[in-house]
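Open the model in your viewer and keep the selection tool ready. We will go stop by stop.

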Amino acid sequence: ALQQMANKNQVMSEELKGQLAESLPGAVQIFANALNVPTEKLFDMMQKGQVNFQKILPQLSDQFRKVA
């Protein structure tokens, strides 16, 4: 799922909620934390195509380190 996001440079709900969250519980919250938004706002942003994978990668890495 992360590879698909990187290839598209877009975080889409299908990959995050449908694929990544299955293998990584809490993935949705991790992405929301990386953007510093509530999960509802994250889904709204994904629907509008406003979540650029490359732009959030540094914050996302920080969030993954916190849960590791």
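Contact here means heavy atoms within 4.5 Å. Keep that cut-off in mind for the stops below.

**Before you click**

This is a predicted model, where local features need pLDDT of at least 70, side-chain atom pairs count only at pLDDT 80 or more, and totals for chains, interfaces and linings use all residues. Residues are numbered from 1 along each chain as its sequence is written, and side-chain values use heavy atoms, with hydrogens and water left out.

**Stop 1: the whole chain**

Show the cartoon. The protein has five helices and zero strands. Read from the N terminus, the order is α-α-α-α-α. Helices (H or I, at least four residues) and strands (E, at least two) are DSSP runs, numbered from the N terminus.

Turn the model around. The C-alpha trace spans about 30 × 20 × 20 Å along its principal axes. A compact globule of 68 residues would have a radius of gyration near 11 Å, and the protein agrees, with 11 Å. That radius is taken over C-alpha atoms, and the globule rule is 2.2 Å times the number of residues to the power 0.38.

Now colour by pLDDT, the predictor's confidence in each residue, from 0 to 100. The mean is 95, and 100% of the residues reach 70 or more. Helix α2 (residues 13–23) has the lowest confidence, at a mean of 92. Helix α4 (residues 39–47) has the highest, at 97.

**Stop 2: helix α3**

Select residues 27–35, which form helix α3. Which residues of α3 are buried? They are Ala-27, Val-28, Ile-30, Phe-31, Ala-32 and Ala-34. Buried means under 20% relative accessible area, exposed over 50%, and partly exposed in between (1.4 Å probe, protein chains only). In the protein, buried residues make up 31% of the 68 residues.

What covers the buried residues of α3? The cover includes α1 (2–8), α2, α4 and α5 (53–67).

**Stop 3: Ile-30 and Gln-63**

Pick Ile-30, in helix α3. Ile-30 counts as buried because its relative accessibility is 6%. Leave aside neighbours within four places in sequence: Ile-30 is then in contact with Leu-24, Leu-60, Gln-63, Phe-64 and Val-67.

Jump to Gln-63, in helix α5. Is Gln-63 buried or exposed? Gln-63 counts as buried, at 13% relative accessibility. Not counting residues up to four places away in sequence, Gln-63 touches Ile-30, Asn-33 and Ala-34.

Zoom out for a moment. Of the contacts in the protein with a separation of 6 or more, 51% join residues 24 or more positions apart.

**Stop 4**

Most residues other than glycine have a negative phi.

Select Asn-9, in the loop between α1 and α2. Its phi is positive, near 55 degrees. Asn-9 counts as partly exposed, at 24% relative accessibility.

Next, select Asn-36, in the loop between α3 and α4. Asn-36 is not a glycine, yet has a positive phi of about 60 degrees. Asn-36 counts as exposed because its relative accessibility is 71%.

**Stop 5: a charge over a ring**

Finish with Lys-17 and Phe-43. The charged end of Lys-17 sits over the ring of Phe-43, 5.4 Å from its centre. The rule asks for NZ of Lys or CZ of Arg within 6 Å of the ring centre and within 35 degrees of the ring normal.
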